[in-house]
Amino acid sequence: MSEEDDELLGMFVQEASEHLETIEPDLLTLEENGDDTEPEIINRLFRGVHSIKGSAGFFGLTNITKLSHIMENLLGKVRERTMSASPAVTDSLLSGLDKLKAMIGDVSASGSVDASEEVRVIQAVLDGESSGAGGAAKADAKPAAEKPPETKKDASPPEDPVAQPAPEAEVSGEPPVAEAPPAPASKAAPKAAASKAAPKAAAPKAPPKASVPKEAVVSMSATAPVGAGFDLGNYSEIVADAIVHGRRFFLFHLDTEGTGPEKRVRFNQTKALLSSVGKVVDTDPAIAGDQDLEGYSGVVLDLLITTVLEEDLLVSLLQTDSSRMQRLEIPVDLARKVAPPKGMSPAEAARHAQAQADTTEKVVEAVVEEDVGFKPRLRRPDPGSVAIVTTGKGREMSGGGASKGGGPPAVEETLRVSVSLLDELINMAGELVLARNQMTRAAVEVQTQFPHFGPLIQNLDSITSRIQEKVMQARMQPVSVVFNKFPRIVRDLARKLEKKIDLEIRGGEVDLDKSVIEHLSDPLTHMIRNVADHAIELPQERTQIGKPEAGQVELAAYHENGLVNISLSDDGAGIDAERVKQKALERGQITERQADAMSEEDALSLIFAPGLSMAKKVSDVSGRGVGMDVVRTNIEKLGGTVSVQSKVGKGTTIILKLPLTLAIIPAMIVSSGNQRFAIPEIGLVEIVRIAESDRANQIETVGNAPVLRLRNMLLPLVDLADVLGVSRVWPPGTGSSDRRERLSDRRAQARKAREAARIGGSAGLAASSGLKEVPDRRDEPVDRRDPNNLVAYVMVLNVGGNEFGMVVDEVLDSEEIVVKPLPSYFKDNLCFSATTILGDGSVALIIDYAGLMEQAKINFSNVERATRMDLDEERRAALRERQNIILLETGTGLIMGIVHSMVRRVEKISPKLLDTIGGLPYVRYDGRTFRAVYPDQVMGLEGMGYSGGDPEEEGDADLCMVVPNIPNIQAGLIFSRIIDTRETHIDLDCRAIRAEGLFGSAQIDDRVVLFPDVNTVLVLAGIEMPHVQAQVDRTGLRALVVDDTPFLRALTSNYLQSVGFEVEQAEDGHVALTKLKNSEFDLLVTDLNMPGMDGFELAHEVPSTIHAEIPMIATTSSISSDVEQKCFKAGFVSCVPAIDKNRLLKVVSLMQER
Amino acid sequence: MLISTFTLGELYLGIDIVLVREINRSMECTPVPGSQDYIRGMLNIRGRVITLFDLKKRLGWSDDEVADHATIKQYNVIMKTHSEVLKINPALAESKCPWEDPVGLAVDQLGDVREIVDDNILPPPANMRGISADFVHGVVEFERNLLIILDVATVLGFDERPSG
């Protein structure tokens, strides 16, 4: 094959692929709408397949020709309405389409692809429904056979009011170079003959066509075997070219008789004869280049010829007679469309013609094509003929949403540019930016001498920026390139899974860099597959639970914060976070503690964990999971992130956040060991500045590895210089480069420094941590040799959900850097992903976090992760308020615990002081009479003790009486002895032992301790409480009680429930916030001191919920005026001691009055 | 063919000029942590990132030998890439220029451009000092000087031929 042919073949592939891409959605539409499908769509389908067939024939791609041919036949039937668009039809067509795609994808191998199965299936469909239409050959002959009536019909131009334009008038509209005298249009048997054979099909097509004055047909001798028709509109580029070069078009009927080989000879002969004066544009039926035309015996072979010759000359050249030759006039409107305006130079005319041709269909010979270079596919015009484009536009104007894709938007003039050229341009634009940067730097000095220099530089600056921006844009492609393949995938999946799924696509026009687009396809396919497979329920299930039968899936792209978000939402089953957790637990991927501490969001993101998704079981349970780790890996490779939100029963949304481009990224320039490195900002969470003097405080060691204590987290640390093995000059400025110090040495040094500082009496610099703190420290005249001023920076990085800190010496700058590939010599180095050129022209390496992590052997695998979490847990425990408890033993041997603050005092009393008045025990003490209450009796727990004797007969041992801290109460709880007082936190178990007046039990020192609710116990004993609650009745209102201590939580809840509140509990601020966001509350009572989010933070967040006005009460174990003031500032109504029922209820009652 | 010549310590070396893109005075370059010791680092030359080889270290000179000439201001011989040579001389590109990355060699002093006749190129003698025969394409005698023509592909780590 000659080089030219190769080029043509490339064009064919491109064109065919474009056709295939419209064919698919059209087929889906056809399937959906069946026989109601707009004729326009069927026509477009037909044309697409037809033109593939034609071109493939030209190149001798037999297999493609065969398959497309039979597909065309079937489509022809559908168009004629002689066959209904049943699922069988569309199925067979779709399978054919797939094979076509495969073959066109690898044209050179298409000859060896076996498409016979597809052909057979389609043939079967044809046979099954069409009467008489036997083999392919017969069908083949059909269009020709049906031609005469068709021609006749079309040949009655009077129907067509516009078909009469005076040729002269048109001539005047023609450029001088265009010799072709446009005569009564001879669009003749346009593809009509070839394609829309039956009048039936022609009918629906007529209205749009009416606007196009070209349906006239050349008169020809009735005896002449009328061959195929060619719609010149299909060849607009050639037509344009022809107009410019003064060529005409002829239809040449090759011999009807003769065998295949004979015809081949004749055909080749014709081609040869024509070669110097014109060429064969197309044939009908299509001929494969090296086919022996065996199947064409007895078939009229029509050639569309373009040549500069007059008809008679052509006839004599081809040694034929004029009856076989038929002049095809260029349709007037087509001529107008493709013809350049008057007065153009030939060159301009040619260009114009080409540009015009853009708006019409591309043919194999296309020179200039729509937009393929940068934005293939999206703004491509309708791949139909001119007529169709026209109707398409009309459709758009009339607002009719005829086809799914809508009409083509106004077409821009475009040029095809190779990607490599674009890449080169981008590179050079990048260099230009660098040159600009250097220039700007140099300009500072120059400007002092030449004041005019400033504005010049500024101008250069802005132009450079604009160039860069535009060049980057040129690489952008609409996401629809990827999105468009999903309707088909979803359709196939839905069918296979016997589900119904409606896929809606939004934001297909959002542009992304080519490199990003290319890598988006796989992850999205995975996600969509998962949705169809797991998320969407079966139709009957859906109807049962009141959902629409068809699952609604939306794939959308939109801009947000300079990133492109791609979201995939469904209204399916959703993911149960708890079950995901459960599964992860079972698989040992998380520890129980982790699971407990895990937020719903974190749990959901477990579906991206590699092991988890692999397990079949889990995918059943979680609803998702297969290959989700692949999704995350791929997206993160692109510098993007994945997140998932889900509501059980409601559906799931997965959001991908992607950078617009990979070629230019924002990065921090840092230095480590006197060398500069670029750190991509994506994944950079924050930068923490650590004063050397405070380093030892913040940096700890966990199992040999340094970690940074940052808020609630322990971050594993790596020192960039250590990992890279860069010699370090530390402290910077001390010179001797041999002094390589490891982090630990530096820590030791830091400790020494701290000691020195302490001795010196100077306070160490407080380490500050903050977001993106980038001081320009280059100008800072700091003597770094003073250890107190040594500073290091920790870049907190996030890799795949794991955070770690990277220690660098300095943070220099934030720059938009142009990413350049890493020379192959360094490909083995895990730590670097690419290179860039900094503003001063030097080369810097871009750090690859994941590689660095690997190199540094930071491993976030289960164990270490657990340690991390466990440490966290320990910290939480430490934070948890400790309670002072008095442990007492009852006469029956039960151990009870009473919180110290509930107790006013504990008195030792002699049993002799006990008295019974009116059947009730009293204690005379200190001149007053106290009602004596035996808590075990009151709660009915006496039987649980080991010595079930009557307490009153306990003998002479001293008893102790606990006087509760309740004002105006003359009562005491009687115990036999105090065991201990203990400061501890209580893990209250409210279930194991239940009794009225009992909060619950807890294990302290391996003994079961019961925690009575003193208030209730007193009430149970019949002691009238000096209630406030008598006035307080808040039945029907809802309160949220937030406390990390289960005991206090239960206590407070209890108090509130006693006055009618419906109480909901939360163990920390985060949980509370979620609850506040999701349901209605009338009161919020929160502990102040909690891990995670404390009471003040919570109060701060409350206004952002729907509960901006909710009254808030703070509870605390240590009340002080300081705290009270803080509470007041934070918006709390009041601050009460954690266990003070009366005060709490009083506050509540006051609020009621308000 | 034309040979661009230069010195490296006492060695008189040359490279087919078709393979040479440009020669610069040496400039600061960015070291790449963890790379081979004979790779000095990366340079930016008009927006191209060049990997610079320290030729002495590549030839296996000891640190002392390298240090002997440390004060000399060196030159960087920047090589063309495979695709660049391909445009000029496809045969040469295929046979002698397999590298796709822009690379440079750090050398001591520049010499003249010499025209030599292919027939005069002799196989490397066995007893050369300072350079292994693996890195030598051939030698030519010039005014009692031995001009060693470098096998750049081997120097850059593309050794197809079995090394001795």
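This report walks through the fold, the cores and the chain contacts of a predicted model.

Local features need pLDDT of at least 70 and side-chain atom pairs count only at pLDDT 80 or more, while totals for chains, interfaces and linings use all residues. Residues are numbered from 1 along each chain as its sequence is written, with chains lettered from A in the order in which they are written.

Let's start with chain A. Its secondary structure comes to 40 helices and 39 strands (DSSP runs numbered from the N terminus: H or I of at least four residues for helices, E of at least two for strands). Of its 1154 residues, 45% count as buried, that is, with 20 or more other C-beta atoms within 10 Å of their own, these atoms being placed from the backbone. Among contacts (C-beta atoms within 7 Å) between residues at least 6 apart in sequence, 71% join residues at least 24 apart.

Now to the nonpolar cores, sets of buried Ala, Val, Leu, Ile, Met, Phe, Trp, Tyr and Cys residues joined through C-beta atoms within 7 Å.

| Core | Size | Members include |
|---|---|---|
| Largest | 99 residues | A:V794, A:M795, A:M806, A:I847 |
| Another, apart from it | 75 residues | A:V933, A:L941, A:F1081, A:V1133 |

In the largest core, the four residues named touch the most other members, and strand β19 (residues 791–799) of chain A gives the most, with 7 residues.

Finally, the two chains meet: 22 residues of chain A are in contact with 16 residues of chain B. On the side of chain A that touches chain B, α16 (419–449), β22 (832–837) and β23 (843–847) each supply at least two residues, and α16(A) gives the most, with 4 residues.

Definitions and conventions:
Buried ≥ 20, exposed ≤ 12 C-beta atoms within 10 Å, placed from the backbone.
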